[in-house]
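Here are a few friendly notes to read alongside the model. Take them in any order you like.

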Amino acid sequence: MKKLLLLLALGLTTLSMNAQDLRNSSNSYIGKIESDGTVRNSSNSCIGKIERDGTIRNSSNASIGKIDSDGTIRNASNSSIGKVESNGTVRNGSNSSIGKIESDGTVRNSSNSCIGYAKGVPVRYAAVFFFFDFFKK
């Protein structure tokens, strides 16, 4: 019985770790957002972090933006550059729809084409990764 519980626990841990992977439209691994908000690229290098309070940090730990509690995305100057609505719609600073993150983690652009997958990733975090350039170099 203990062996079975251990195997189940290991299986659930593996599932939850894989569920945080970020993938492109071809389903190739492009990075991950860990449960503590650490953002990693495809080489597993830390490229930033999204803290529980919504602060977005780069790999040097400098604050580069924020996600407000209402889904507003702000840059380092505290200017609104977009918003994530409760239904997963992502809007730019002009309030135009630029995409959507569906409940299953599928990420779509404004033309409704699949641009990636973020299964198990909080919608706001996925939006920051796919639609705003906080982690691009």
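Is Phe-130 buried or exposed, and what is its relative accessible area?

1. A word before the answer: this is a predicted model. Phe-130 has a relative accessible area of 15%, and the cut-off for buried is under 20%, so Phe-130 counts as buried.

2. Phe-130 has a partner in Phe-129, and the two form an aromatic pair that is edge-to-face. Their centres are 5.3 Å apart, with 70° between the planes. The structure holds 1 aromatic pair. Phe-129 is buried too, with a relative accessible area of 9%.

3. Now for the barrel. It is closed by 12 strands, running in order from β1 to β12, with antiparallel pairing. From one strand to the next, the twist averages 20°. Helix α2 (residues 123–131) packs on this sheet and touches strands including β1, β6 and β12. The direction of α2 makes about 130° with that of β10.

4. Within it, Lys-100 stands opposite Arg-108 of β11.

5. The largest nonpolar core has 25 residues. Those touching the most other members are Ile-50, Ile-56, Val-128, Phe-129, Phe-131, Phe-134 and Phe-135. Two or more residues come from each of β4, β6 and α2, and α2 gives the most, with 7 residues.

6. Apart from neighbours within four places in sequence, Val-128 is in contact with Ile-50, Ile-56, Ile-67, Ile-73, Phe-134 and Phe-135.

Note on methods. Residues are numbered from 1 along each chain as its sequence is written. This is a predicted model: local features need pLDDT of at least 70, side-chain atom pairs count only at pLDDT 80 or more; totals for chains, interfaces and linings use all residues. Side-chain values use heavy atoms; hydrogens and water are left out. Two strands pair if DSSP finds at least two bridges between them. Helices (H or I, at least four residues) and strands (E, at least two) are DSSP runs, numbered from the N terminus. Axes are lines fitted to C-alpha atoms, for helices over the stretch in contact, and angles run from 0 to 180 degrees between N-to-C directions. Contact means heavy atoms within 4.5 Å. A nonpolar core is a set of buried Ala, Val, Leu, Ile, Met, Phe, Trp, Tyr and Cys residues joined through side-chain atoms within 4.5 Å. Buried means under 20% relative accessible area, exposed over 50%, partly exposed in between (1.4 Å probe, protein chains only). Rings of Phe, Tyr and Trp (its six-membered ring) pair if their centres lie within 6.5 Å; planes under 30 degrees apart count as stacked, over 60 as edge-to-face and the rest as tilted.
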